[in-house]
Amino acid sequence: MNNNGGIVDESIDSVSKHNFKIIDKYSINIEQCLLGKVDVKLEDIKFIMSHPQGFEQCKNSLNKKFLSIKKIVGKNKEIDPAYLAKELSENKLNKYIAIIGNRRLAEIYNLQILQRNLQDITNNWTTFLLVSKV
């Protein structure tokens, strides 16, 4: 659950399919960044890909700064920002695609941060559950 973007549908789908017990609950303040290939300039970006939550959390910023860039919601594996970062770094995605994700993905996958703090609100908290099988 994100205080700006709401419920993460994939989490709800998973919860409904499994028996588990909640061990802990914690929240993390999420900074959303626009990440791209190191050799591509921000003005050359043609598409932005993200999980629906990334778009929801950055809706106003994206409309203000990147209105003319086509937005693509990832499907299946491409819904995961880490998967997108890996695919982009391995040249499996068009080099003119930027993704919305955490700055740590840029470090792991040798991508550049094209824009920091895209989230619409400063306190962009997402709550996570630590669970175990019953």
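Predicted model: local features only at pLDDT ≥ 70, side-chain atom pairs only at ≥ 80, totals over all residues.
How many bridges join E2 to E5, and do they run parallel or antiparallel? Three bridges join them, and the two strands run antiparallel. The notes below start from the whole chain and work back to that pair.

1. The protein chain holds five helices and seven strands. Read from the N terminus, the order of elements is α-β-β-β-α-α-β-α-β-α-β-β. Of the 134 residues in the protein chain, 35% are buried. The accessible surface of the chain is about 8400 Å², and carbon and sulfur atoms account for 51% of that surface. Take the contacts in the chain with a separation of 6 or more: 80% of them link residues 24 or more positions apart.

2. **The sheet.** Five strands form an open sheet in the order E4-E3-E5-E2-E6, with mixed pairing. E4 and E6 (112–115) are the edge strands; each has a single partner strand, so one side of each lacks a neighbour in the sheet. From one strand to the next, the twist averages 35°. As background, strands of a sheet pair through backbone hydrogen bonds, either parallel or antiparallel.

3. **The parallel part.** Strand E3 (residues 47–50) runs parallel to strand E4 (residues 70–73), with four bridges between them. E3 also pairs with strand E5 (residues 97–101), again in the parallel sense, over three bridges. In E5, Phe47 stands opposite Ile97.

4. **The antiparallel part.** Strand E2 (residues 33–36) pairs with E6 in the antiparallel sense over three bridges. Leu34 has Gln115 as its bridge partner in E6. Leu35 is partnered there by Ile113. On the E5 side, the bridge partner of Cys33 is Gly101.

5. **Cover on E2.** Are the faces of E2 covered or open? Both are covered. Cys33 and Leu35 are buried on one side, and Leu34 and Gly36 are buried on the other. In general, the side chains of a regular strand alternate between the two faces of the sheet. Helix H4 (residues 81–89) lies across E2, E3 and E5. H4 runs at about 150° to E5.

6. **Nonpolar cores.** The largest nonpolar core has 13 residues. Those with the most contacts inside it are Leu34, Ile45, Ile48, Leu62, Phe66, Ile100 and Leu118. Phe66 deserves a look. Beyond its neighbours within four places in sequence, Phe66 is in contact with Leu34, Leu42, Ile48, Ser61, Lys71, Gln115 and Leu118. A second, separate core has 12 residues, among them Leu88, Ile97, Ile99 and Leu105. Nonpolar side chains tend to be buried together in soluble globular proteins.

7. **Cysteines.** Cys33 is buried, at a relative accessible area of 0%. Cys58 also counts as buried, with 0% relative accessibility.

Methods: Residues numbered from 1 in each chain as written. Heavy atoms only, no water. Core = buried A, V, L, I, M, F, W, Y, C linked by side-chain atoms within 4.5 Å. Buried < 20%, exposed > 50% of the residue type's maximum accessible area, 1.4 Å probe, protein only. Contact = heavy atoms within 4.5 Å. Pairing = 2+ DSSP bridges. Axes fitted to C-alpha atoms, helices over the stretch in contact; angles between N-to-C directions. Areas by Shrake-Rupley, 256 points an atom, 1.4 Å probe, with all protein chains shown as cover.
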